[in-house]
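Student: Could we go through this structure together, one question at a time?
Tutor: Gladly! Have a look at it, then ask away.

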Amino acid sequence: MNNIEEMIQKAVELQANGLVTGQIANELNVSRETVTWLLTRSKKDVVAPAPKDISVNWSSIGQSSFRLKCVSQALCDMVAESLEKTDQLADVVIGIGLSGIPIATIMSEELGLEFGIFHDYDDQKEKSRQRGIFSRNFADVRGKNCIIVDDVVSSGATITDVVEQLREVDANPVAIAVILDKMNSDSIANVPMSSLVRITRVD
């Protein structure tokens, strides 16, 4: 998408198709606050100040399995370096749905580790009472050393939820890997984070 009007149109279209705020944010690679602003902005009589956010379009990577594999291999290299520094081993790679799953799948294959999936709870209205869940159809995370993988980190809320839930089942989150870090941080919840691209705002 090249401009704000296209993003507004896409956000409205996704909402009309039944997606909730969190799902639209995942599709557009922006924060939930930005989605709310885009949907509000679609009502022409409402003018609200724009949130400070950056839209990320990595579809040129996602539409090619070869490019996705190359990016995943680069993240594997960065995670391996991080684990060496912290003298940690890993047992399982956890992909945060939807966009983190293909990256985590490739990474688990490359690293020879088990593969798990975390489903974020996307209903913003119920967010305060709901948490994401680990899929029972994939690797059990209890008591294991875990690498957490997502495409883009904006606020860090979802990854923080994953880390907290891992610790609750005596699992040990040892590394986080993302394509793009909009937080500009080396860690989330005291877990080292590796990113291919880090965004730093200068305003």
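Student: Is F115 buried or exposed?
Tutor: F115 has a relative accessible area of 17%. Residues count as buried under 20%, exposed over 50% and partly exposed in between (1.4 Å probe, protein chains only). The value of 17% therefore makes F115 buried.

Student: What kind of model is this?
Tutor: Residues are numbered from 1 along each chain as its sequence is written, and side-chain values use heavy atoms, without hydrogens and water. Local features need pLDDT of at least 70 and side-chain atom pairs 80 or more, while totals for chains, interfaces and linings use all residues, since this is a predicted model.

Student: How many aromatic pairs are there?
Tutor: Rings of Phe, Tyr and Trp (its six-membered ring) pair if their centres lie within 6.5 Å; planes under 30 degrees apart are stacked, over 60 edge-to-face and the rest tilted. By that rule, the number of aromatic pairs is 2.

Student: Which residue pairs with F115?
Tutor: The pair is edge-to-face, with 5.5 Å between centres and 85° between the planes. F115 sits in strand β2 and its partner in the loop between β3 and β4, so the pair ties together parts 23 residues apart in sequence. (Strands, E, at least two residues, and helices, H or I, at least four, are DSSP runs numbered from the N terminus.) The partner, partly exposed at 38% relative accessibility, is F138.

Student: And which residue pairs with F118?
Tutor: This pair is edge-to-face too, at 5.0 Å centre to centre and 70° between the planes.

Student: At what angle do α2 and α3 pack?
Tutor: Axes are lines fitted to C-alpha atoms, for helices over the stretch in contact, and angles run from 0 to 180 degrees between N-to-C directions. The axes of α2 (residues 21–28) and α3 (residues 32–41) are 8 Å apart. Angles of 65 to 115 degrees count as roughly perpendicular, under 35 as roughly parallel, over 145 as roughly antiparallel and the rest as oblique. α2 is roughly perpendicular to α3, at an angle of about 100°.

Student: Which residues of α2 meet α1?
Tutor: Contact means heavy atoms within 4.5 Å. The axes of α1 (residues 4–16) and α2 come within 10 Å and cross at roughly 135°, so the two helices are oblique to each other. From α1 come M7, K10, A11, L14 and Q15, and they meet, in α2, I24, E27 and L28.
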